Amino acid sequence: MPNKADLVDAIAEKADIAKGAAGAALEAVLGEITEALSKGERVSISGFGTFSVGSRAARAGRNPQTGATIQIAASNTVRFKAGKALKDSVQ
């Protein structure tokens with residue numbers, strides 16, 4: 001499974017740039033996506049997909065060790081919807 005270092009290596013090779021520049025570019029992209037999501041905005045990358053923020057309602061859960069019922073607080077989560085080109089490439 002590729003990790004961040006593997007992505008930096010691939011970007012550097014395919015774009016014919018230094019690994020430092022590729023790492024900085026990847027950090028910039030991830031930083032911008034993170035910043036937009038933290039503001040509640042959607043990030044759409046044509047041909048790849050859309051990142052958005054979704055909310056989960058508070059709900060009752062169960063502690064697996066004790067079996068006791070617990071209250072799980074409401075929270076926000078990141079959602080991703082793959083674009084058509086990405087879906088087609090994995091079929």
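**Aromatic pairs**

Trainee: How many aromatic pairs does the structure hold?
Mentor: The structure holds two aromatic pairs, where rings of Phe, Tyr and Trp (its six-membered ring) pair if their centres lie within 6.5 Å, with planes under 30 degrees apart counted as stacked, over 60 as edge-to-face and the rest as tilted. This is a predicted model, in which local features need pLDDT of at least 70 and side-chain atom pairs count only at pLDDT 80 or more, while totals for chains, interfaces and linings use all residues. Residues are numbered from 1 along each chain as its sequence is written, and side-chain values use heavy atoms, with hydrogens and water left out.

Trainee: Why is the pair of phenylalanine 48 and phenylalanine 80 tilted?
Mentor: Their ring centres are 5.4 Å apart and the planes stand at 50 degrees, so the pair is tilted.

Trainee: And what about phenylalanine 51 and phenylalanine 80?
Mentor: Here the centres are 4.8 Å apart with the planes at 50 degrees, so this pair is tilted. The pair links distant parts of the chain, with phenylalanine 51 in strand E2 and phenylalanine 80 in strand E5, 29 residues apart; strands (E, at least two residues) are DSSP runs, numbered from the N terminus.

Trainee: Switching topic, is phenylalanine 51 buried or exposed?
Mentor: Phenylalanine 51 counts as buried at 18% relative accessibility, given that buried means under 20% relative accessible area, exposed over 50% and partly exposed in between (1.4 Å probe, protein chains only).

Trainee: Which residues form the aromatic cluster?
Mentor: Phe48, Phe51 and Phe80 form one cluster.

Definitions and conventions
Helices (H or I, at least four residues) and strands (E, at least two) are DSSP runs, numbered from the N terminus.
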